[in-house]
Amino acid sequence: MKSKLLCQSCHTEYPSSEPRWNCLCGGLLTLDFHARFPIGKIKKRKPTLWRYREALPIEHDHHIISFDEGFTPLIKEELFGKKILLKQDYLFPSGSYKDRGASVLVSKMKELGLKQVVEDSSGNAGAAIAAYCAKASIDCHIYVPEKTSPEKLMQIKQYGAHLHTIQGSREDTAQAAGQHAQTTYYASHYWNPFFFHGTKTCIFEIVEQLGWKPPDSLIVPVGNGTLLYGSYIGLKELQQEDIIDKLPRIIGVQTENCAPLANAWKNNSTFISLKTPKQTIAEGIAITNPVRANNILQSIKETNGDMITVTDKEILDAQYYIGRKGYYIEPTSAVALAGLKKLATRKDDLVVIPLTGHGLKTKKMLR
Ligand SMILES: [Zn+2]
């Protein structure tokens, strides 16, 4: 299960036993790792994301930091007159799918013997990293924008993390954490490739729950692309091992008020970071400069997917609509549902939407 880190810019290789989160040239790292899927063994294991043990890049079991999370329910629903499947990823220990990435990344940090880390987030990733660091006894510093929901701030503090609230934009928060990361390991959910090797387990579970078959489409909210690009990595691994023979269309949804990726996609142009974003209720995806923009756009292109935008009003309407069906999710999570309403889907399409974050993290009653 040996793996190595590869720079996407200068192609330098590093052993994954080195505590690196980026290349010395400043480039993004990809994890080169051979995932395997022994289905007979997998089926006998506990229903957690760690059942895909041979597909997770941790060398020794005793480094695994887990709350037995994952294998969330995939259930049939009819929304806006369309039959779809909802993956209930808001039912994680910290209340969002980010626990997938945190479990794998913090296990890796344990394996590296790290004692202290830093992370920045709009809230959910920070809470997830803080929870898993608490379990691993790793000291962690979490940077968040000061406007983050008080519920998320309280959660991060409750886990015992050092909370740093930063004035200004999400980008300012990332910069402050980046400064700190010059001397401390950066447990970044968008820079660090191990995080994506956790978020990829969402699609493993979906494929297994569908009888080891891929859906036709996957609709996800996109900010830094941790779920979207993670899903792509997982799908490629499943395809390489002949578990699936085709890739579903990956459809990314952004909020109109902050849509740098959707703009690049629509204009078929190179990605440019957004200088003046507007306020949005979808705080989890208000990202003006996603560092993995090229990875995200390439994933959509290769899967013949699409990228669309929705307004804050459409997000609120979708959150309200699904609440009346018994699902309590946060606005960022409703972004994909608002996207579903807008999309033209074929009647027999097998569409899956992960519900990414719990409604209890929401700032206030919105309507
Ligand atoms: Zn490099």
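## Basis of the model

The model is predicted, so local features need pLDDT of at least 70 and side-chain atom pairs count only at pLDDT 80 or more, while totals for chains, interfaces and linings use all residues. Residues are numbered from 1 along each chain as its sequence is written, and side-chain values use heavy atoms, with hydrogens and water left out.

Helices (H or I, at least four residues) and strands (E, at least two) are DSSP runs, numbered from the N terminus.

Two packed helices are described by the angle between their axes and the distance between the axes. Axes are lines fitted to C-alpha atoms, for helices over the stretch in contact, and angles run from 0 to 180 degrees between N-to-C directions.

Helix H8 spans residues 226-240, and helix H10 spans residues 293-302. Their axes lie 9 Å apart, at an angle of about 50°. H8 and H10 are therefore oblique to each other. Angles under 35 degrees count as roughly parallel, over 145 as roughly antiparallel, 65 to 115 as roughly perpendicular and the rest as oblique. The crossing of H8 past H10 is left-handed (the near helix is turned anticlockwise from the far one by less than a right angle; clockwise would be right-handed).

Contact means heavy atoms within 4.5 Å. On the H8 side, the contact residues are Leu228, Tyr229, Tyr232 and Lys236. They meet Asn295, Ile296, Ser299, Ile300 and Glu302 in H10. By class, the contact of H8 with H10 has five nonpolar, two polar and two charged residues. Ala, Val, Leu, Ile, Met, Phe, Trp, Tyr, Cys and Pro count as nonpolar, Asp, Glu, Lys and Arg as charged, and the others, Gly among them, as polar.

## Helices H11 and H12

Helix H11 (residues 312-323) packs on helix H12 (residues 331-342) at an angle of about 95°, with axes 8 Å apart. That makes H11 roughly perpendicular to H12.

H11 brings Glu314, Ile315, Ala318, Gln319 and Ile322 to the contact. H12 brings Pro331, Ala334, Val335, Leu337, Ala338 and Lys342. The residues of this contact divide into eight nonpolar, one polar and two charged.

## Salt bridges

Side chains of opposite charge can pair when their charged atoms come close. Here a salt bridge is a side-chain nitrogen of Lys or Arg within 4 Å of a carboxyl oxygen of Asp or Glu. The whole structure holds 19 salt bridges. One of them joins Lys4 and Asp32, at 3.8 Å from N to O. Lys4 sits in strand E1 (residues 4-7) and Asp32 in strand E3 (residues 29-32), 28 residues apart. Lys4 is partly exposed, with a relative accessible area of 30%, and Asp32 is partly exposed at 35%. Buried means under 20% relative accessible area, exposed over 50%, partly exposed in between (1.4 Å probe, protein chains only).

Asp89 and Arg100 form a salt bridge at 2.8 Å, N to O. Asp89 lies in the loop between strand E5 (82-87) and helix H2 (98-111), and Arg100 lies in helix H2, so the pair ties together parts that are 11 residues apart in sequence. Both residues, Asp89 and Arg100, are buried. Lys152 and Glu283 also pair, at 2.7 Å from N to O. This pair links distant parts of the chain, 131 residues apart: Lys152 is in helix H4 (residues 150-158), and Glu283 is in the loop between helix H9 (260-266) and H10. Lys152 and Glu283 are buried too. Shared partners join Lys87, Asp89, Arg100 and Glu205 into one salt-bridge network.

Which residues does Thr72 touch, not counting residues up to four places away in sequence? They are Lys87, Gln88, Asp89, Leu91, Phe92, Arg100, Glu205 and Gln209. Thr72 itself is in the loop between H1 and E4. Thr72 is buried, at 2% relative accessibility.

Helix H7 (residues 201-209) is mostly covered, with eight of its nine residues buried. Among the buried residues are Cys202, Phe204 and Glu205.

## Positive phi angles

Phe71 is not a glycine, yet its phi is positive, at about 50°. Phe71 lies in the loop between helix H1 (39-44) and strand E4 (74-79), and is partly exposed at 23% relative accessibility.

Ser137, also not a glycine, has a positive phi of about 55°. Ser137 is in the loop between helix H3 (124-136) and strand E7 (139-145), and counts as exposed at 63% relative accessibility.
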